[in-house]
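Here is a short walk through one protein model. Keep the sequence and the 3D view side by side as you read.

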Amino acid sequence: MITQEVVAATPREGKFNKNAARRVRVSGRIPAVVYGAQEPSVAVEVDPKQILRILHSESGHNSIFDLEIGDARAKAMIVDWQYEPIKGSLMHIDMKRIALDKVIRVEVPIQLVGIPVGVKTQGGILDQVLREVEIECLPTDIPGHIDIDVSELAFGDVLRVSDLPHGGKLKFLTDENSTVAHIVAIKEEVVATPEAEAAAAAAAPAEPEVVKKGKQETAEAAPAAPAKK
């Protein structure tokens, strides 16, 4: 999905090490790398708030936006990003230049629609095994998500990639037999009563006496350490 965002990136100069990246983040920007379209990779810095706005949009990292680096302008998308593990702040991103007339491979979220009959009338739980599917298409044909109606899904039924709506513009690369979702049973937790615990303790076999004796004999038979001179 093409957005109206225009990301203005500033080229980075000097050393590209941890200290340099830290200085970029302290200034309120984040380091990034741009590559693709048979052009050299460029180290840049961008506004993290703008990048988060793109990542949190409906099309997420599949959003295609205008990237400006000086006087150069190109279509681009975010292909990788890193968060700080404790604070959760954005630390670094990779962007790729996109040619609108060439197919690309992307992963698109799968969105399940409806309440399955296996949940409504059979007391099961809907388990979504696969949340994204890899497709190949032109950048302008990338969907924000792929919807599938699961209302008729019951116990014993398995929704597979082959059941997803296949349009002429999309080529599915994920294995067609891969499970997308199915209905599973609710596992009931068995709470042991005091009577049951007492019965289980009484039924437990006693430790054989020979084992105890063997341990004692082994300990007793162990040779004493020689006295130090």
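A salt bridge is a side-chain nitrogen of Lys or Arg within 4 Å of a carboxyl oxygen of Asp or Glu. A search of the whole structure finds eight of them. Before we visit some, two notes on the source. This is a predicted model, in which local features need pLDDT of at least 70 and side-chain atom pairs count only at pLDDT 80 or more, while totals for chains, interfaces and linings use all residues. Residues are numbered from 1 along each chain as its sequence is written, and side-chain values use heavy atoms, with hydrogens and water left out.

Start with Arg 29 and Glu 45. Their side chains meet in a salt bridge, at 3.6 Å from N to O. Arg 29 lies in the loop between helix H1 (18-26) and strand S2 (30-36), and Glu 45 lies in strand S3, so the pair ties together parts that are 16 residues apart in sequence. Helices (H or I, at least four residues) and strands (E, at least two) are DSSP runs, numbered from the N terminus. How accessible are the two partners? Arg 29 is partly exposed, with a relative accessible area of 21%. Glu 45 is buried, with a relative accessible area of 18%. Here buried means under 20% relative accessible area, exposed means over 50%, and partly exposed is in between (1.4 Å probe, protein chains only).

The side chains of Arg 97 and Glu 39 meet at 3.6 Å, N to O. Arg 97 is buried, at 10% relative accessible area. Glu 39 is partly exposed, at 45%.

A further bridge belongs to a network. Arg 73 pairs with Asp 66, and their closest N and O atoms are 3.2 Å apart. Salt bridges that share partners join Asp 66, Glu 68, Arg 73 and Lys 75 into one network. Asp 66 is buried, with 14% relative accessibility.

Now return to strand S3, which spans residues 39-46 and holds Val 44. Is Val 44 buried or exposed? Val 44 counts as buried, because its relative accessibility is 0%. Its contacts (heavy atoms within 4.5 Å) include Ala 9, Ile 30, Val 34, Ile 69 and Met 95, not counting residues up to four places away in sequence. Glu 13 is 31 residues from Val 44 along the chain, yet their C-alpha atoms are separated by 8.5 Å.

Strand S6 covers residues 90-97, and His 92 sits in it. The His 92 side chain makes a polar contact with the side chain of Asp 94, at 3.5 Å. A polar contact is a pair of N or O atoms within 3.5 Å; within protein, one must be able to donate a hydrogen and the other to accept it, and residues adjacent in sequence count only if both atoms are side-chain atoms. Leaving out residues up to four places away in sequence, His 92 touches Pro 31, Ala 32, Val 33, Asp 80, Trp 81 and Gln 82.

Finish at an open sheet of three strands. Its order is S8-S13-S11, with antiparallel pairing. Two strands pair if DSSP finds at least two bridges between them. Strand S8 (125-128) and strand S11 (158-160) stand at the edges, each with a single partner strand, so one side of each is left without a neighbour in the sheet. S8 and strand S13 (residues 179-184) pair over four bridges. Asp 127 stands opposite His 182 in S13.
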